Amino acid sequence: MEEYGDGDLLSEAMGSGARVAVVEDRVEAPGAFVLHLLLKRALAGGGAAVLLALAQPFSHYDRVLRKMGCNLSLHRKSERLHFLDLQTFPGGAKGGAISDSFVRLYGDIQRAMDASRTGDNAGRFTVMIDDVSLLEVAACGSVDDVLDFLHYCVTLTSEMNCSLVFLIHEDIYSREEGYGLLLHLRYIADLVIRAAPLSTGLATDVHGQISVLNKCIFSEQRAKAQRIWNFHFRVKENGADFFYPGSRH
C-alpha cells in the first residue's frame, strides 16, 4: 500500500474494496490534499484515472503531484490520466441544455475508460470529481441533474469495474434545504473521509483531524459491518503525515 507519512493510517483505514469514496472538507481544513493522495494512489501500479476538474487547472494538479513524485504530464501523455477541464462547464447552458451537457460529460468519461482499457493500460480505473459542490454551482443549482449524473457514474462501478472519488465541501450544506446532495453522497459511499479542524483550535504541527467511515469491513462471520477511524494530519509539500492524537512529540 502507499506510504503517505509516518505510518500508513489512511491506507489502513481505507482498506480495499471500496467502490465509492467521498472526501468531505471545510474551509478551516481543506481536503484537497486527500484527493491528491488518492489520485497518486490511483495511478500507481498501472492504474488509470479520469479527473473532472472544476476547482483548478491542470497546471495546479501537475505542480502539486510532481512534488509528491508523480508526473501527471507523463501519465496524461500515456493516456493513463484523462483530464477534463470543467471550469467553464456547462458553457452557459440552461434548463434542459444542462441535462444534455451532463449526458455529453458522461460520454466523455466512458470514452476515457475505453481508451484506458486497451493495450498495456487494462488495469483498474478511477473517476475523480473535484469538486461536487462546484458541479452543483455549474448546474445552476439543479441538484436533480447532479444526482442523475452521479447515479450514472455509480453504475460504472459495477458495469466497468471502476471506483469513484468525490470531493465535496461539507460546510456549505449547513442549511437543511441544501443538505440533500451531501446526504445522498454519504448514503452511496462505501468510504467517507472527513477533514475537519482541530476541536482544540489551531496548532503549529497539526493541521486538522481526519475521520474515516469504512462500510466495507467484514466481521469474522463475513457479515458486513462498518468501522470509524479518527486521527490527526499534517500537510507537507510532498504529501501528508497521519498520526493518532498524542503520538507525536
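Where is the place of Glu79? In this predicted model, Glu79 sits in the loop between helix H4 (72-77) and S3. Its phi is near 65°, a positive value in a residue other than glycine. Glu79 is partly exposed, with a relative accessible area of 40%. A second residue of this kind is Cys140, with phi near 55°, again positive and again not a glycine. Cys140 belongs to the loop between H6 and helix H7 (143-159). At 54% relative accessibility, Cys140 counts as exposed, because the cut-off for that class is over 50%.

Two peptide bonds also call for comment. The bond from Phe89 to Pro90 is cis, with omega near -5°. Pro90 lies in the loop between strand S3 (81-85) and H5. The bond from Asp130 to Asp131 is cis as well, with omega near 0°. Asp131 is placed in the loop between strand S4 (125-130) and helix H6 (132-138). As a rule, most residues other than glycine have a negative phi, and most peptide bonds are trans.

Confidence was examined next. The protein chain averages a pLDDT of 87. At least 70 is reached by 87% of the residues. Over residues 1-7, pLDDT stays under 50. For this stretch the model has 20 contacts beyond four places in sequence. Where pLDDT is low, the predicted coordinates should not be read in detail.

Helix packing is illustrated by H2 and H3. Two packed helices are described by the angle between their axes and the distance between the axes. The axes of helix H2 (residues 32-43) and helix H3 (residues 58-67) come within 11 Å and cross at roughly 75°. H2 is therefore roughly perpendicular to H3, since angles of 65 to 115 degrees fall in that class. On the H2 side, the contact is made by His36, Leu39 and Lys40. Their partners in H3 are His60, Tyr61, Val64 and Leu65. By type, the residues of this contact divide into 4 nonpolar, 2 polar and 1 charged.

Side chains of opposite charge can pair when their charged atoms come close. The count comes to 10 salt bridges. One of them joins Arg111 to Asp108, with the closest N and O atoms 2.5 Å apart. Both residues belong to helix H5 (residues 96-116); being 3 residues apart, they are separated by about one helical turn. Arg111 counts as exposed, at 53% relative accessibility. Asp108 is partly exposed, with a relative accessible area of 31%.

Another salt bridge brings together the side chains of Arg186 and Glu170, at 3.3 Å from N to O. This pair links distant parts of the chain, 16 residues apart. Arg186 is in helix H8 (residues 180-188), while Glu170 is in the loop between strand S5 (162-169) and H8. Glu170 is buried, with a relative accessible area of 9%.

Asp241 and Lys236 form a further salt bridge, with the closest N and O atoms 3.2 Å apart. What relative accessibility does Asp241 have, and does it count as buried or exposed? At 5%, Asp241 counts as buried. Lys236 counts as partly exposed, at 32% relative accessibility. Salt bridges that share partners also join Glu24, Arg26, Glu28, Glu170, Arg186 and Arg194 into one network.

Note on methods: Residues are numbered from 1 along each chain as its sequence is written. This is a predicted model: local features need pLDDT of at least 70, side-chain atom pairs count only at pLDDT 80 or more; totals for chains, interfaces and linings use all residues. Side-chain values use heavy atoms; hydrogens and water are left out. Axes are lines fitted to C-alpha atoms, for helices over the stretch in contact, and angles run from 0 to 180 degrees between N-to-C directions. Helices (H or I, at least four residues) and strands (E, at least two) are DSSP runs, numbered from the N terminus. Angles under 35 degrees count as roughly parallel, over 145 as roughly antiparallel, 65 to 115 as roughly perpendicular and the rest as oblique. Contact means heavy atoms within 4.5 Å. Ala, Val, Leu, Ile, Met, Phe, Trp, Tyr, Cys and Pro count as nonpolar, Asp, Glu, Lys and Arg as charged, and the others, Gly among them, as polar. pLDDT is the predictor's confidence in each residue, from 0 to 100. A salt bridge is a side-chain nitrogen of Lys or Arg within 4 Å of a carboxyl oxygen of Asp or Glu. Buried means under 20% relative accessible area, exposed over 50%, partly exposed in between (1.4 Å probe, protein chains only).
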